[in-house]
Structures are given as structure tokens and as C-alpha cells.
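The entries follow in the order I worked.

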Amino acid sequence: METKVIKIDDKHIDMELINQAAKLIKAGKIVAFPTETVYGLGANGLNEKAVEGLFKAKGRPQDNPLILHISSLDQLKTLVLEVPDIAYECRKRFWPGPLTMIFKKSEIVPYIITGGLETVAIRMPKNKIALELIKEANVPIAGPSANLSGRPSPTNASHVIEDLFGKIDMIIDGGDTGVGLESTVLDVSGDAPMILRPGGVTFEDLKEFIPNLTQDLGTIKSDNTIVPKSPGQKYKHYAPKADMYVYTGNIDNVVKSIINQSNKHIKEGKKVGIMATTETKDMYDKGTILIAGSRNDRNTIAANLFKTLRIFDEEKVDIILAEGVETDNIGRAIMNRMMKASGGKIINV
Ligand code: TXA
Ligand code: MG
């Protein structure tokens, strides 16, 4: 299949190009588009055939439901049975933005979107290109992350090209995404709102006005003793090709342990990648050392995490030794992705 790549500047949106992309969506084709979290792989969410194509292009298991991306509140109302008060409150604060909410689905939402569930995930993205595309297509756009299933999510168009060129109809290059990790998934369909996937909107942000907020422990325990409630969270995910180990605890111990392990592996003839931070990078001298971001501003680590994992792949390292972060605020989403990427190999030192 021929994949057309077009460039759109989110500060001066070329509506001609948006129109081209929207036409493809309306015709049941697949278009990758930027959002503020990661790139999405878009198709008409009400067209079962088009959605089937999404699963095929990504190689994604069909029991893993998709998010519908919308551009207005009116659109939301057609897709859900009810909008609970707490969802209105969340929408006021965080939409458009990196928050996905789970509602009871209406009849028009096909089961292929929900993986057979009676609930549906909905998000209004902040990225202007995404919003214009949804408006022009005039349908909810189903949008899983635009990576091959299992690989790190794409935070710029070159990642999408790497994974999906030749398998989809169009890629909109809108530059780097900002947040770098996928949206927070918040289930508002039951009695007590529950975070099913940590993301850009944090537990602390939500807890401020949702006193009975809980979080699915399956998303933070690394020992697989609790099965996560969100289907997507059960899979090994965001994974680089190399074996990955994440070290947590006192930072001096973390650095010492990484150096020890790295020396050992290098002696065995392995190529070692070290995921360091601005504050610690000078303490390492052997291996492929990449800086994910700053420990003093963990949003920078969130923004670069997936990109860093992809660079380790390009460098063909055999093993990745990564520094973990504290699990408050954005740190919870970072550690959730590191847990998945490493297949739960988190070592507390
Ligand atoms: O930031 C994001 O959310 C990105 C951008 C493109 O919007 N999208 C994204 O989609 O991360 P995806 O398909 O990679 O992840 C959707 C997550 C999965 O973990 C899935 O299991 C969960 O949302 N999900 C979707 N519908 C659900 C439902 N009805 N109940 C529980 N979890 C659901
Ligand atoms: Mg994904």
C-alpha cells in the first residue's frame, strides 16, 4: 500500500491538507495523526471495516479496546448512555487534554471498538491538528497509539514511519508530541471513579476534587499478582527489543548498581545501554549512555522515554539498565511504562 506523508504546522493549520486527511477517514481509510500525548492511528470509529483495518495494521489483539477521539460535547452525548456529574467536572478541567474517560456505551458504538465490553473510552485531544481532523471528518476517530503492537509508542512522525509505512494510507507529520506518554484512563462508568492507566493527568490532579478516587493496583504492581482491569494493561508493552532492567531506590545506590551490572555485562561481551538522567550522566563512563531527562523535572523524562527506548533499539544494545523515578505525580505514569517495557523487571536497591 502507498503511504502518503504530509506535514502540517499546528500553528498555521493548512485546512486543505486537513481536508485531504478527513476525506480518507470518511472513506474508511487509515490516517496516523499527532496528539499531545503520542501519535494516534486514526479510522472512522463507527465503521467496523475501517476499525478492523486498524487492528490489522498494528497487529493488535482484538480484545484490547480502542479510544474514540471527539471534538465536542455533543459528539460525546451520542456515544454514551449517560454523562455522570463527575465526568462534566473532569471535562471542564482537562478536556481538551490527556484524559480518557470510560462511559457506558450507546448503541451506535460497535463492539469491535470496545472489545465486546459495554463501556467505551472517549477522549478529546488538545492537539489542534487532531481536533481539526475530527471536526472535518465529522465522525469519532478511533485512535490507538500509532506503533506496531508491543513497541514503544510514537512521539514523532519518524517513529510512525518506522513501524507503519506501507501499511496505512496517510501519516500526518505534526512534529514532536508534548506529553510523551499516553493519556490517563479514568473509569467513570461505575460508583467510584478509578484510574485504569496512569498518564499525563495525575492521581494527585484528580484526587483534589474526586475524594473517592481509586487506582487500579494492577497498573503499578510489578509482580503480576493483580490482573489489571484495563485489557491493554495486561500485555507486555512499550517494549524495546533489548532486555530491560529498571533500578529504583536511593539514587546513589541505583547508580552504583547500574555501574556494577553494566561492568559485568560488558565483560561478557554484551552491548549495554544505560538510561541516565541529567543529574547522573557524568557518573557513568562505559556503555551507550542516553539522558532521558531531568530528575528535577520528570515531565522531561515522560516526554523522552519512548524515544530513548527506540534509540537503544537502533543502537542494537543487548541490555538496557534504566534509572527509575519516584512514583508520585507524573512519576507513576513513567514507572508504569517502565514496568511494562521491562516486563516487570524492577529492582529495588
Ligand atoms: O494518549 C492516548 O490515549 C493515545 C492517543 C493516540 O490518544 N491513545 C492510546 O490508545 O494510548 P491505546 O489504544 O494504545 O490505549 C487505549 C487504552 C488501552 O489500555 C485499552 O485497554 C484501554 O485504553 N481501554 C479502551 N477502552 C476501554 C474500556 N472500555 N474499558 C477499559 N479500558 C479500555
Ligand atoms: Mg498503545
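**Entry: the model.** I am working with a predicted model. Every value below is computed from it.

**Entry: the open sheet.** I find 11 strands in an open sheet, ordered β1-β8-β2-β3-β7-β4-β6-β5-β9-β10-β11. The pairing is mixed. Which strands form the edges? They are β1 and β11 (214-215), each of which pairs on one side only. I followed β1 to its partner, strand β8 (residues 170-173). The two are parallel and share 4 bridges. In that pairing, Val5 sits opposite Ile171 of β8.

**Entry: Val5.** I stayed with Val5, which belongs to strand β1 (residues 4-7).

**Entry: strand β15.** Next I checked burial along β15 (residues 319-323). All 5 of its 5 residues are buried, so the strand is largely enclosed by the rest of the structure. Ile319, Leu321 and Glu323 point one way, while Ile320 and Ala322 point the other way. Both sets are buried, and I note that this includes Glu323.

I then looked for the neighbours of β15. Strand β12 (residues 243-248) runs parallel to β15, joined by 5 bridges. Strand β13 (residues 272-276) also pairs with β15 in the parallel sense, over 4 bridges.

**Entry: ligand 1.** How many residues surround ligand 1? I count 27, and the closest are Thr37, Asn64, His69, Ser183 and Gly232. The side chain of Asn64 places an N or O atom 2.8 Å from an oxygen atom of the ligand. A polar side-chain atom of Arg197 is 2.9 Å from a ligand oxygen atom. Gly143 uses its backbone: an N or O atom there lies 3.5 Å from a nitrogen atom of ligand 1. On its own, ligand 1 has 680 Å² of accessible area, and the protein covers 97% of that.

**Entry: salt bridges.** Side chains of opposite charge can pair when their charged atoms come close. My search of the whole structure returns 19 salt bridges.

- Glu82 and Lys104 meet at 3.4 Å, N to O. Glu82 lies in the loop between α3 (73-79) and α4 (85-94) and Lys104 in strand β5 (residues 99-104), so the pair ties together parts 22 residues apart in sequence. Glu82 is partly exposed at 42% relative accessible area, and Lys104 is partly exposed at 34%.
- Asp163 and Arg151 bring their closest N and O atoms to 3.0 Å. Asp163 is in helix α7 (residues 157-164), and Arg151 is in the loop between β7 (141-142) and α7, 12 residues apart. Both residues are buried.
- Asp282 and Lys281 form a salt bridge with closest N and O atoms 3.9 Å apart. Asp282 is exposed, with 67% relative accessible area, whereas Lys281 is partly exposed at 30%.

Which residues share partners in one network? I list Arg151, Glu162, Asp163, Arg310 and Asp313, joined by their salt bridges.

Note on methods:
Residues numbered from 1 in each chain as written. Chains lettered and ligands numbered in written order. Predicted model: local features only at pLDDT ≥ 70, side-chain atom pairs only at ≥ 80, totals over all residues. Heavy atoms only, no water. Buried < 20%, exposed > 50% of the residue type's maximum accessible area, 1.4 Å probe, protein only. Pairing = 2+ DSSP bridges. Near = heavy atom within 4 Å. Polar contact = N/O pair within 3.5 Å; in protein donor to acceptor, adjacent residues only side chain to side chain. Areas by Shrake-Rupley, 256 points an atom, 1.4 Å probe, with all protein chains shown as cover. Salt bridge = Lys/Arg side-chain N within 4 Å of Asp/Glu carboxyl O.
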